[in-house]
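Student: I have not looked at this structure before. Can we go through it by question and answer?

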Amino acid sequence: MKKRISEMVSGNLTLCELLTGILLFGLLCQIAGCIFLKENLLYHSVGLWLGAVVAMLMAVHMNASIQKVVVLDVDSAEKVSRKDTILRYFAIVIFLFSSV
């Protein structure tokens with residue numbers, strides 16, 4: 001799985017830039033949090049980086065879905081795209097409810 005993700009990132013400049021942007025924005029928010037938050041810093045940091053990891057996983061999954069869909073005919077592409085979108089949303093709902 002790791003090799004597949006690294007191949008996907010190295011071959012796709014847009015995905016690489018998106019993942020880099022997520023990491024840099026997370027770092028920027030972490031720095032701002034360190035400056036302005038004096039209590040519960042660990043709690044906020046864990047939430048920030050879990051959110052960043054989930055965002056990166058969603059981006060990788062979305063990229064894989066798009067790569068899969070572009071080679072299909074219109075009807076099949078619509079079904080596969082809908083299935084992958086529902087799967088992504090379902091995973092987010094499960095993650096949100098499990099983190100409460």
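Student: What percentage of the residues of the protein count as buried?
Tutor: This is a predicted model, and the protein has 100 residues. A residue is called buried when its relative accessible area is under 20%. The share that counts as buried is 22%.

Student: In which helix is confidence lowest?
Tutor: Across the protein the average pLDDT is 89, and 89% of the residues score at least 70. Confidence is highest in H2, at a mean of 94. The lowest mean is 63, and it belongs to residues 2–10, helix H1.

Student: Which element gives the largest share of the largest nonpolar core?
Tutor: That core has seven residues: Leu15, Leu19, Ile22, Ala52, Met56, Ala59 and Val60. Two elements give two or more residues to this core, helix H2 (13–36) and helix H3 (41–69). The largest share, four residues, comes from H3. In soluble globular proteins, nonpolar side chains tend to be buried together. The element asked for is H3.

Student: Which residues of H4 are buried, and which helix is included in what covers them?
Tutor: H4 has 25 residues and reaches 36 Å from its first C-alpha to its last, close to the 36 Å expected at 1.5 Å a residue. Its buried residues are Ala77, Val80, Asp84 and Arg88. What covers these buried residues includes H3.

Student: Which residues is Arg88 in contact with, leaving aside its neighbours within four places in sequence?
Tutor: Arg88 and Leu57 are 31 residues apart in sequence and 9.7 Å apart in space, C-alpha to C-alpha. The contacts of Arg88 are Met58, His61, Met62 and Ser65.

Student: What does Ser65 touch, not counting residues up to four places away in sequence?
Tutor: Ser65 is in helix H3. With a relative accessible area of 7%, Ser65 is buried. The residues Ser65 touches are Asp84 and Arg88.

Student: How many disulfides are there?
Tutor: A disulfide is a covalent bond between the sulfur atoms of two cysteines. Cys29 counts as partly exposed because its relative accessibility is 27%, and Cys34 counts as partly exposed at 40%. A pair is counted when the sulfur atoms are within 2.5 Å, and by this rule the count is zero.

Student: Where is Asn40, and what is its phi?
Tutor: Most residues other than glycine have a negative phi. Asn40 is not a glycine, yet its phi is positive. Asn40 lies in the loop between H2 and H3, and its phi is about 60°.

Key. Residues are numbered from 1 along each chain as its sequence is written. This is a predicted model: local features need pLDDT of at least 70, side-chain atom pairs count only at pLDDT 80 or more; totals for chains, interfaces and linings use all residues. Side-chain values use heavy atoms; hydrogens and water are left out. Buried means under 20% relative accessible area, exposed over 50%, partly exposed in between (1.4 Å probe, protein chains only). A nonpolar core is a set of buried Ala, Val, Leu, Ile, Met, Phe, Trp, Tyr and Cys residues joined through side-chain atoms within 4.5 Å. pLDDT is the predictor's confidence in each residue, from 0 to 100. Contact means heavy atoms within 4.5 Å. The expected span of a helix is 1.5 Å times one less than its number of residues.
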